[in-house]
Structures are given as C-alpha cells and as structure tokens.
Amino acid sequence: MNGKIKKLSLRQKAQLVSGKSFWQTQEYTDAGVKSITFSDGPSGLRVQNGKSDSMGLNASKASTCFPAHSALACSFNTELVNKVGFALGEEAAHFGVSVLLAPAINIKRNPLNGRNFEYFSEDPYLSGVMGREYISGVQSQGVGACVKHFAANNKELGRTVYDSAVDMRTLREIYLTAFEIAVKCARPAAVMTAYNRLNGVYCNENKWLLSDVLRGEWGHEGIVVSDWGGTSNRVAGIKAGADLEMPFCKFSADEILDAIKNGELTEEELDSCAHRIINLSDKLNGEKPTVQCDFDKNASFAERCAEECAVLLKNDGILPLNKNVKFALIGDIAQNAVQGGGSSKVNPTRVTTLLQCFEREENFAGYARGYNQNGKNSAFLLKKALKLAKNADIIVCAVGVTSGEAEGVDRENIRLDENQIELLNALKKTGKRIVAVLSCGGAVETDWDEGLNALLLAGLNGQGGAKAVKRLIFGEICPSGKLAETFPHKLEDLPSTQYFTNNAYACEYKEGMRVGYRGLTGAKYPFGFGLSYTQFGYSDIQFGYSNFSKTPDFVSFSLKNEGNFDGAEAAQLYIEFPENANSPKLQLKGFAKVFLKAGESATVKIPFDEYSFRSFDVKSGKWVTARGLYKIYIGASSEDLRLCGEVELDGVDGVAPAECESVSAEEYQIARNEKGRVIANFGAPFSELRNSRGALGRLAARIAFAATKRNPTANGTMRYVTLRTAAQFAKFGKVRASGLVDIFDGKPLRGIGKIIRGEKKIKDE
C-alpha cells in the first residue's frame with residue numbers, strides 16, 4: 001500500500017476518490033499527493049479555456065484534429081495509429097494533461113448509434129489492435145491513456161439508464177475482446193466505465209466486470225474511472241473496484257463515511273481505490289523529459305493520415321482525375337467541414353476546405369452550394385448548381401451526414417438528407433460525369449450512387465482531410481483505405497437492427513454474435529472493401545510451425561502490385577471455424593498493410609496469436625479451441641477471399657451457441673405510485689420528471705428540455721441524466737441533493753428548506 005495513504009485522514013481518502021473539479025482529481029500537498037488532469041478526446045485534445053463541460057459545447061484551445069476513430073480504422077495501418085497516439089501524447093504533455101480520455105473502442109453494433117464515429121470498427125479484433133497501438137503511442141510520451149467505455153455501451157439513447165442484456169458468449173467474443181486486447185497488450189493508465197447497466201448491474205458497480213475480469217483475468221493495474229456523471233451508487237462502486245468518480249461530487253465523501261460507519265463499506269476497500277489513484281498520480285507526475293510539440297509537423301501528419309483513411313468505393317476509371325479537364329465543385333460540405341458532435345469535438349489548429357483546395361486549380365469551373373446542411377430544400381441552390389454543371393465536364397459533389405452523429409443522440413436512419421439525394425439525382429440528368437465525396441462517421445445507405453462515376457469515402461477525416469481528398473482525386477496519392485464496417489444495402493439487412501429499438505430502457509442483444517459482416521453477406525460495400533488505382537495479386541499461401549506444434553505460428557503468402565501505380569494493400573486474414581464451434585462463418589484474425597511499387601512483389605507474414613482460434617465456452621467459463629477443421633483465408637475484403645488453406649486442430653468436441661434470453665418488461669420500469677406518477681430518487685432519469693409527483697419537478701423538466709431544444713446533443717443527454725448526476729453537476733452537498741429529490745417527489749417545503757439550509761460543517765473523521 002502506498003505510504004502516502006497513511007498521511008491522509010479518513011475524510012481526505014473519501015474525498016480523494018471523487019474529483020476536485022471538472023477535469024482534475026484532488027491534491028493534498030502535505031501528503032505529497034498531486035492532482036491528475038484529464039482531457040478529451042479521441043480525435044484531438046479538447047483542453048477548455050473557460051467553463052468546462054463534457055459535451056463539447058464550450059470553446060477549447062486549438063489542437064491538431066486528426067481523423068476520427070471511424071476513419072483511422074479504415075487505414076488498417078497499425079503504425080499510423082501508433083503515431084497518431086504519439087502526436088496526441090505530445091500535445092497532451094504540452095498542455096499539461098496527465099490522462100487523455102481515449103481511445104474509444106466500443107463495437108459498432110448498429111449504424112444507428114450516434115457515437116459510432118468515435119469508435120474504430122464493428123470487428124473486435126480490429127478495434128482491439130487499433131486501440132492497443134493508440135494507447136502505446138500516447139503513453140510513450142509519459143501521458144496516460146484512458147480506454148473507454150467499458151462495456152457494452154453501443155447506443156446513445158438512454159445511455160445512463162438502459163440495461164444491456166447480453167449473453168455471456170456474445171459479451172466475451174464481441175464486446176469485451178477489444179478491451180481485453182487493449183488492456184493486456186498496452187496496459188492503459190485508466191479504464192473508463194460506461195454509463196449503462198450490464199445484465200442488470202451498472203458497469204461502474206459491476207464487481208464481476210471490474211474486479212474479476214478487468215483486474216483478475218486481464219491484470220489491469222491502472223485506475224478505473226467513471227464516465228462524467230456516470231455514478232449511480234458511489235459506495236457500491238468502491239466495493240466493485242471503481243476507483244475514481246468524475247467530476248467533482250460534493251456529497252460522495254459523506255456517503256462513503258456513512259457507509260463505513262454503518263459497516264456497509266470497509267476502510268480497506270476505500271484504501272484500495274485511494275492506493276491506485278495515488279500510484280497513478282506518482283507515475284504521471286514524476287520526473288520526465290520535456291516533450292516538444294510541433295503543431296506544424298502534426299498538421300502535416302494529419303493530412304497523411306487522412307490520405308490513408310479514405311476509401312475508394314466506386315470508380316469506373318474516371319479517377320484519378322485529369323487536371324486538364326474542366327471540373328466544378330458542388331456541395332455545402334465543401335466549404336463547411338463536418339465533425340462529430342459532443343466530447344470529441346476539436347478546435348483545429350488550421351482548417352483548409354475542399355473549396356479552398358480546388359479553387360486554386362487552373363481548370364476549376366466554379367463552386368455552388370447545391371443544398372443546405374440543415375436538410376431544408378432550396379430550389380434556388382439547386383438551380384444554381386445545375387446552371388454551374390452545364391459549364392463543366394466533370395462534377396465533384398461533396399455530400400455527407402450532417403446530423404445525428406453526436407454524443408447523446410442516435411441517428412433516425414442511415415440515409416443522406418433528401419435534399420442531397422435530390423441534388424445528386426438532378427446532376428445525373430445533366431449527363432455530366434460525377435465524382436461524389438462522402439463525409440460521414442458511420443455506414444450510410446448508398447442507393448443514390450447508381451449512375452455516379454466514382455464514390456470516395458472521405459469519412460470524418462480531420463483538419464487535413466480536404467488536402468488529402470484533392471491529392472487522391474488527382475492521383476498524387478493512390479487510395480489504400482478499407483472499410484472498417486459494413487455498408488448494407490438497407491439498414492434492415494443487419495440482424496441487430498430489429499433489436500436496436502427507440503426504447504430508452506430496453507437494450508437486448510438478441511442478434512448475438514451476428515454483428516456486421518458476421519451476420520450479413522452480400523453487403524452493398526462489405527467489411528474490408530476498398531478500391532485502388534492499381535491491382536494486387538495474391539499467391540502461394542503457406543503456414544509456419546515451430547516446436548512440432550500442430551497449431552501454426554503464422555501464415556505467409558506472396559503479394560504483387562500488378563498495376564502501374566505505386567500503392568498499398570491491406571491484406572486480411574479470416575478464419576472459418578468448424579461447424580461444432582457454432583461461430584459466425586468468418587472472423588477477422590489478422591491483417592497487414594503493405595506498400596509496393598508498381599510491379600513489386602513481397603512475401604507477407606501474418607502471425608496467429610492467442611485470439612486466433614479461441615471460442616468462449618459458457619459451460620466451463622473458459623476460452624477453448626473447438627476440435628475440427630479451420631479454413632484460413634487471405635483476402636482483399638470479407639467477400640473477396642483470394643487464398644485458402646486448412647488447419648486441423650485438436651480441442652473440445654463443441655461449443656454451445658450464443659443464446660440471449662429476453663428480459664422481462666418489468667425490469668425496465670421506473671418506480672411509480674398508484675396514479676402512475678414517478679417516485680423520485682437518485683436513480684430516476686430527468687425525462688421521467690415530466691410525470692413526477694411534484695409539480696416543480698414537472699416544471700423543471702419542461703424548462704430544461706426547452707432550454708436545450710436547439711442542441712440535440714445537450715437535449716438528448718439531459719433527458720436521461722439521473723437526479724444524482726443533476727445534483728452532482730449542480731455542486732450540491734448531501735443535504736441539498738436530498739432536498740432536490742424531495743422537491744421533485746412532491747415535498748417542496750421540505751426540499752426547499754434543505755436547499756436553503758445547506759450543509760452543516762462536518763469535522764474530519
């Protein structure tokens with residue numbers, strides 16, 4: 001146990017396990033305990049200048065905006081992602097940040113999740129490996145990384161109240177594997193718990209999740225921190241192994257001291273959490289070399305990242321574009337770059353728009369907005385765009401998702417706004433050749449691409465994205481990105497869609513392991529897909545063994561650039577498990593991105609690891625290998641498999657399939673009285689206060705929603721904030737917090753009296 005704990009009083013220890021402010025932990029100079037400073041976010045630092053918030057509503061200091069995780073994963077380049085982490089670690093150190101709240105590695109269960117742009121992939125192996133590299137890069141600079149959101153946090157609607165009902169095999173193989181890889185391989189400084197419940201227990205209070213799995217099985221030695229305002233019961237959290245509650249909570253210390261006094265909590269349990277916080281503080285605040293941050297260098301690197309992240313989805317030969325051809329640029333997004341909303345929103349050090357890049361070209365015919373980003377139709381803008389199109393040989397049209405990709409909200413659908421589709425259809429009728437550039441952080445339906453000559457997925461590609469798109473379109477760079485998620489013909493094609501409901505309390509994962517490409521073949525654009533300006537040939541698959549083992553150490557093959565462009569190919573390793581494993585048909589288990597000059601060949605080696613052949617056996621509670629024949633595929637996508645080999649492995653006779661049981665409706669009910677009025681307590685969500693027993697509660701809910709109506713992120717988050725979180729953010733003490741509940745529960749005089757009276761001075765215990 002860290003000796004500094006002995007210098008702290010019981011109350012100080014109780015205070016230490018809750019934040020000092022919005023972004024900092026407590027500090028006790030006399031005891032030598034220094035503060036830890038946190039900062040968002042995954043795509044760039046969000047160090048705020050003034051008033052702090054976790055939703056990206058207030059201004060932050062300028063920092064490099066890298067491509068979002070959803071775009072970075074499309075690079076299939078682990079070295080690139082490691083360098084992004086390195087650059088973010090530099091900037092964090094520059095701003096005095098101790099821990100970066102990233103990476104976010106939740107699985108893209110369904111494209112409707114509004115926060116998918118912050119996550120790497122629908123695939124757990126790809127997500128875990130990318131997370132591992134990101135963490136290693138950040139922490140190489142003496143800054144801690146905080147991997148999030150642990151676990152099964154896969155939709156935004158009702159994220160603070162819903163219960164993720166997931167069967168154990170699906171949980172282990174799909175939703176925990178990415179965290180397992182990241183934690184075991186990269187040793188992050190912190191793990192952030194998700195807001196939601198997992199199989200009936202809040203993640204921040206889930207002893208099995210935090211103590212048994214995270215620390216016991218995976219060996220996590222860092223801290224466990226709540227999401228901001230993500231604490232339901234602080235005492236239960238400490239008992240489960242949740243070390244730190246963020247942000248500041250004025251009444252947590254009193255809750256903890258009362259629990260120790262009445263025997264509900266032991267001082268030793270509190271000490272364990274305090275010990276881990278102090279250890280991390282010592283590690284991050286110790287002597288370390290000065291980190292020099294070159295923002296110009298990082299800006300150039302952000303451009304290179306965007307180049308590797310772009311995915312060429314369609315091309316009839318129009319690309320690369322001939323600079324001698326007269327072209328026009330159309331689309332509101334071309335002059336207004338798109339970022340996802342919420343805590344990951346970055347204030348870039350510099351921004352160059354697509355319009356600024358293209359208007360410098362000699363044969364630029366002009367620009368027209370074509371549509372409003374707010375989705376409203378404009379005959380005037382459409383008419384101007386069509387008029388411009390007549391004066392050009394080729395049209396570059398910038399389209400994308402302009403709403404719904406944000407923290408706190410989910411998307412209503414995965415279609416482009418109808419005014420953008422109307423523009424594309426009208427442009428097709430002109431007979432001009434059309435190149436579409438798509439900006440989005442998640443899958444979209446692309447039935448509108450029929451009749452287009454090319455489609456380039458730029459993604460949410462950060463501050464250097466426009467320059468990257470220009471280089472790609474004109475052939476200065478050869479596209480090499482591959483889809484890190486499936487683009488279905490229709491949203492309904494994905495098995496998870498029927499269970500991804502708009503019920504804020506019901507979240508059943510009854511599709512099991514059939515997530516993304518595991519549950520869908522014949523996609524519009526499949527997982528791992530991406531075109532190039534050159535062609536790659538695959539041949540000569542072989543397996544490498546050592547020590548007379550029957551399990552191969554690696555698979556190797558020959559890869560040749562058979563075209564006229566220098567380029568890179570992201571070759572992918574898939575395994576088809578034997579039938580008795582009851583697994584999805586294909587699973588990604590490795591990949592390698594290889595750059596080859598035109599005509600060049602290389603032997604590529606992809607290793608097998610502990611995650612390659614395993615299945616989770618619910619009966620024994622262990623990872624096992626199913627006995628049988630495993631087919632090993634090497635391919636250019638999940639539906640373009642070029643090479644195949646076979647491996648016979650010994651193991652158990654079979655593995656039970658994933659089976660998710662239904663959850664009774666009663667488990668999702670909010671406590672109400674005989675008249676249907678909500679009984680207010682710390683766990684009641686703010687949205688339900690519209691039906692609270694207290695008239696003041698109903699009025700407060702209406703005022704709050706009216707005030708946040710114009711901001712979807714704030715409004716979506718406000719609806720399901722619990723009363724405990726509301727009291728915490730209002731900086732209420734224990735008495736005032738209980739007074740707030742009294743007011744909302746129809747006891748206004750008692751509640752107002754508590755709020756006016758406030759806290760009595762409590763001496764150190």
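What does the chain average in pLDDT, and what share of the residues score at least 70? The average is 92, and 96% of the residues reach that score. Here pLDDT is the predictor's confidence in each residue, from 0 to 100.

This is a predicted model, in which local features need pLDDT of at least 70 and side-chain atom pairs count only at pLDDT 80 or more, while totals for chains, interfaces and linings use all residues. Residues are numbered from 1 along each chain as its sequence is written, and side-chain values use heavy atoms, with hydrogens and water left out.

**View 1. The stretch 761–765 has pLDDT below 50.** Beyond near neighbours in sequence, residues 761–765 have nine contacts in the model. A contact means heavy atoms within 4.5 Å.

**View 2. Strand β16 pairs with β11 and with β15.** Strands (E, at least two residues) and helices (H or I, at least four) are DSSP runs, numbered from the N terminus. Two strands pair if DSSP finds at least two bridges between them. Strand β11 (residues 311–315) runs antiparallel to β16 over four bridges, and K314 stands opposite L455. Strand β15 (residues 433–439) is parallel to β16, also over four bridges, with A436 as the bridge partner of L455. Strand β16 itself spans residues 454–457 and is covered on both faces. A454 and L456 are buried on one side, L455 and L457 on the other. Buried means under 20% relative accessible area, exposed over 50%, and partly exposed in between (1.4 Å probe, protein chains only). In a regular strand the side chains alternate between the two faces of the sheet.

**View 3. Four strands form an open sheet in the order β8-β7-β5-β17.** The pairing in this sheet is mixed. Strands β8 (201–202) and β17 (506–508) stand at the edges with a single partner strand each, so one side of each has no neighbour in the sheet. Further in, β5 (residues 163–165) and β7 (residues 197–198) run parallel and are joined by two bridges. D163 stands opposite R197 in β7.

**View 4. L696, L699, I703, I752 and I756 make a nonpolar surface patch of about 470 Å².** Patches are made of residues with over 30% relative accessible area and no salt bridge; like charges are joined within 9 Å, and nonpolar side chains (Val, Leu, Ile, Met, Phe, Trp, Tyr) within 5 Å. Accessible areas come from the Shrake-Rupley method with a 1.4 Å probe, and for residues only the protein chains shown count as cover. Helices α15 (695–707) and α19 (748–757) each supply at least two residues of the patch. Helix α15 gives the most, with three residues. L699 lies in α15 and is partly exposed, because its relative accessibility is 44%.

**View 5. The buried residues of helix α16 pack against α15.** Helix α16 covers residues 712–719, and T713, A714, N715, G716 and T717 are buried in it.

**View 6. A68 is found in the loop between β2 (38–39) and α2 (69–72).** Its relative accessibility is 5%, so A68 counts as buried. Leaving out residues up to four places away in sequence, A68 touches S43, F117 and L460. From A68 to C273 there are 205 residues in sequence and 33 Å in space, C-alpha to C-alpha.

**View 7. D282 and K4 meet in a salt bridge at 2.6 Å, N to O.** D282 belongs to helix α9 (residues 267–284) and K4 to the segment before α1 (10–16), so distant parts of the chain, 278 residues apart, are linked. A salt bridge is a side-chain nitrogen of Lys or Arg within 4 Å of a carboxyl oxygen of Asp or Glu. D282 is partly exposed, because its relative accessibility is 30%. The whole structure has 52 salt bridges, and one network of them links R115, E118, E156, R159 and E407.

**View 8. E308 forms a salt bridge with R304, with the closest N and O atoms 3.2 Å apart.** The two residues are four apart in helix α10 (residues 295–309), which means that about one helical turn separates them. E308 is buried at 13% relative accessibility, whereas R304 is partly exposed at 34%.

**View 9. D653 and R627 form a salt bridge, with the closest N and O atoms 2.0 Å apart.** D653 lies in the loop between β26 (640–649) and α15, and R627 in the loop between β24 (622–624) and β25 (628–637), so the pair ties together parts that are 26 residues apart in sequence. D653 is exposed, with a relative accessibility of 60%, and R627 is partly exposed, at 35%.
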